[in-house]
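Here is a protein model to explore. Keep the sequence and the 3D view side by side as you read.

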Amino acid sequence: MRRALQTSLYLFVLVLSINKTSAQYQFDLWNTDNGLPHNTIRAILQTRDGYLWLASLDGLVRFDGVRFTVFTTGNTPALKSNRCTSLFEDQAGQLWIGTEDGGLVKRHDGVFTTFTTDQGLPGNDVRRIWADDQGSIVLLIGQRLFRWKKEKAESYVLPTNAPLVSPDENQQTAIVSYRDELGLHIVKSGRTVTLTRASGLSSLEVTAIYQDRQGALWIGTHSGLNHLKNGVVTIFTTKDGLPQNSKVTSISEDRLGNLWLGMGDKGLVRFKDGQFTHYTTANGLSDDNVLSIYEDREGTIWIGTYANGLNRLSRDVVQMYSEQNGLPSNNVYPILEDRSGNVWLGTWEKGLARFTNGRFAHYSKEDGLPGNILTALAEGRDGALWIGAYNGVARYKDGQYTQFREKLGSDFYYVSAILEDRDGAIWLGADTKLFRLKDEAVSAFTTNDGLAGNDVKAILQDRKGVLWFGSYGGLTRYEDGRWRAFTKRDGLASEKIRSLYEDSDGVIWIGTYDGGLGRLKDNKITSITQKDGLYNNGVFQILEDGRGNFWLSCNLGIYRVSKQQLNDFADGKVRFVTSVPYGRHDGLSNIECNGGTQPAGVKTHDGHLWFPTQGGAAVIDSNEITLNPLPPPVQIAGCLLDRAVVDCRQDVKLAPGQQSLEISYTGLSFIKPEQIRFKYKLTGLDQDWVDVGTRRTAYYSHLPPGTYTFTVIAANSDGVWNTEGQTLHITVVPPFWRTWWFLSVVGLSLVGLALLGYRRHVTKLQREKAAQVRFSRQLIQSQEYERKRIAGELHDGLGQNLLVIKNLALFGLASQNSQDVAQAQLGEISTTVSEAIEEVRTIARNLRPYELDRLGLTLAVESIMTRIAGSSTIKFASQIDPIDDSFSHEAEINLYRIVQEAVNNVVKHSEASEVSITIKKDGSQVVFTIHDNGKGFAPDTERGAVATWSRGATQYESGSDLMRLRNRGFGLTGIIERVAMLNGKLSMQSSPGQGTTIRVSIEVERKEEGEKRGRGEGE
């Protein structure tokens, strides 16, 4: 019986590329210390939505470059196992996951579905997954091959005539191979190729098979790498550069044509142009046991390891030259390229270095330098090298040094900038002044001459011959012997100038220590700072590459920004600029760049940009820098509603009472993902885009009811925007009391209430008007009654007395009476005249109580009781406090009339035998009480057994209560009105046979206030 065939299946990825290669890479690591659930990564895949998926031994992992999302049996019930083995995305965008013991898992639209032996799967150990040319899912379960079609597993018979290599090279590609006693059999393009040791194969112990973009096969074995093309096998072994005692376990080709090899437990190998480069933990790889290799859509290489997580390989942008490469010191300051292409580097305390043909030569003070701390370099028109240092300046020409310290004097410490102008004069910017050397003559300039500052850091002569000096104090222009200083008043954000640059348009660019970048154009300075998009406010050097970009240095690294974008910002065309920083991740061993010495960086003839740092010289090949042209896919990652997770794959609805909405989003670029910038807008609330920088969460609280659309867009680290972004529809359901039907009901109800209130108000006004009319009529009637009474008293009393006097006088004149008779007649005339006088006094008292003016309020009130007591049988008892000067004249009259009318009412109507009158002054209040023991009167039917009225001006509602009292007499009505005029309160109690009590309380007011109120001048 023949031995069962042992089969092996290998899955590989072919992708396109546009980038160029480099031998230097940076390794970034993610493991269980920073988010992974397990350090074994068996498979890596980027799905078409942009996410990177990882198959780990403790869960399925989704990665956006910043955050991990882990799916396990604990948070995803559909999963039956956390031990993932393989990943595949089909043409429909569905993600397929293989597991060790949990079967096959499908993820579609965020929903997981698991297929196990319970659903007909032949086994739960799914090792590999891919698709054939018919779109069917092909599975390696155990050591057997199956086709998964319509959710059923069909045996895959080997050998087969069906080609298994996907025609779409951007999809994962599968090679089916199996090994028996005859050799290695590879099923390719419908035919089977058999390889043996005799045909050139290095070993039948095959561990990996990969088909590259040219259709050639790469076969990894226990004893080397085999290349099969056009029937010819080429073997690569340790003699060609492969690690000793290694085996090739994984193979992948990137878009640059690099072949990447996982060497079991011997690390990672890159094969390019016949050369092998070996990477291990010594080079930054986290673990030498490589399990998976993958290139994403942007060309980034990802490495999954057995014991230490996920590695990202990023090509170094920066090449460093340090002491390891021959520099005398890592602390580099001025850098200059001379006309011969030599690069000169001034160091701190270790002298001068010259870089020629990849090698460094060293010069020190012993060789003639003015010092070992170098602060400035410049090349003269004659090719001489000018060198500035602490405590000296020297000129180097033809191997000879010429010192200038004595010529310049001793009142400076160092020279930071040197320039030879068109006239052959040498300008030296020192820490205390500016020097000019010309024909052995030395001139010095300071702020007294017009310099903005004495500590000069940069010197520039523009194309017109104008000299510019940057100093700690501002910018200075020198033209035709005239100085012009520019400071913050002229638009500089900082007066600490460190670098100057003139571009091809004649625009002067100003770099500062802490105020960003300035543009001087048409005598106008525009500052661009960190708040406007610059990576940092430090601009120590300005270098322009051949693609229209500025490269700027600062204490936190090097950053790139488009000159066109800077001009657009300065011209008001854009509101923000995009900066791309470069740091440790890009190859900078020390991110702190040095400045304040000229030149603080140089662009060499070959386009390389040199910057001085604390860790050596940083060199960037600007010609090799490629921008990432791919806008990042944008995804809504999740939503929290009142801190509870909600499904945001569909529209989000906020019920009444739900207030806080938190939306997480992400941009899926894995090149510097931490630098992805976002803008979002909530249509229906936000008027414009909200620029949130790198923040990945939007917060909304207390949204008004309505329908909204949340849109988020993103830009990659090179400023390429995905303007379509991602949207989420949000509905805020109003509470019932804010719904249209409720508001309609309330509105109609309010209208009805308003109409009802209006009608009641109109009725009330009509009633009050009628009461006022009745009151006016009664008042007119009372006035006519008073006139009639006064006329009657004048006619019947005073008139009759005067007539008697007249008749007596005529009678006495006409008769000859005796003296006794005459005296009797005169006595009668005298009596009649007295009666007339008393009659006049009574009338006058009724019109105006003259006692008030003569006696005061207290005695005037007492006179009322004295006069009435003398003319009636009622016994009066009184207790009156002094109340003079407590009220205004107008108020005194009203209070007098109240007492008078109250007493008259008692005398006329009460039939009382005793009356008590009390007037008490208690602080700011005067209380008048009159009580009689008379017959009393019946109460109103509306008020019960005891009639009580309490009226005050501030409480007065209508005239209806007065009309209710009309039958009580006008005197009572007058009392009520006078109390109201005094802002007092009146209460009355009476019942038949129990007498009557009237109580009036009035607030004491200052006399002048009462007089103003009486004149109508009060409030």
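A residue is called buried when its relative accessible area is under 20%, exposed when it is over 50%, and partly exposed in between. Keep these cut-offs in mind, and remember that the model is predicted.

Start with Arg463. Its relative accessible area is 45%, so Arg463 is partly exposed. Its side chain meets that of Glu502 in a salt bridge, with 3.1 Å from N to O. Is Glu502 buried or exposed? Glu502 has a relative accessible area of 16%, so it is buried.

Now move to Arg339. Arg339 forms a salt bridge with Glu379, and here the closest N and O atoms are 3.0 Å apart. Arg339 lies in the loop between β30 (332-337) and β31 (343-347), and Glu379 lies in strand β34 (residues 374-379), so the pair ties together parts that are 40 residues apart in sequence. Arg339 has a relative accessible area of 55%, so it counts as exposed. Glu379 is at 25%, so it counts as partly exposed.

Next comes Arg67. Its side chain and that of Asp64 meet in a salt bridge of 3.7 Å, N to O. Arg67 has 30% relative accessibility, so it counts as partly exposed. Asp64 has 4%, so it counts as buried.

Salt bridges can also join up. Arg42, Arg83 and Glu100 are linked in a network of them. How many salt bridges does the structure hold? The count is 27.

Turn now to a sheet. Four strands form an open sheet in the order β58-β57-β60-β63, and their pairing is antiparallel. Which strands are at the edges? They are β58 (644-646) and β63 (697-701), each of which pairs on one side only. From one strand to the next, the twist averages 25°.

Strand β57 (residues 634-641) and strand β60 (residues 660-667) pair in the antiparallel sense, over seven bridges.

Notes:
Residues are numbered from 1 along each chain as its sequence is written. This is a predicted model: local features need pLDDT of at least 70, side-chain atom pairs count only at pLDDT 80 or more; totals for chains, interfaces and linings use all residues. Side-chain values use heavy atoms; hydrogens and water are left out. A salt bridge is a side-chain nitrogen of Lys or Arg within 4 Å of a carboxyl oxygen of Asp or Glu. Buried means under 20% relative accessible area, exposed over 50%, partly exposed in between (1.4 Å probe, protein chains only). Helices (H or I, at least four residues) and strands (E, at least two) are DSSP runs, numbered from the N terminus. Two strands pair if DSSP finds at least two bridges between them. Axes are lines fitted to C-alpha atoms, for helices over the stretch in contact, and angles run from 0 to 180 degrees between N-to-C directions.
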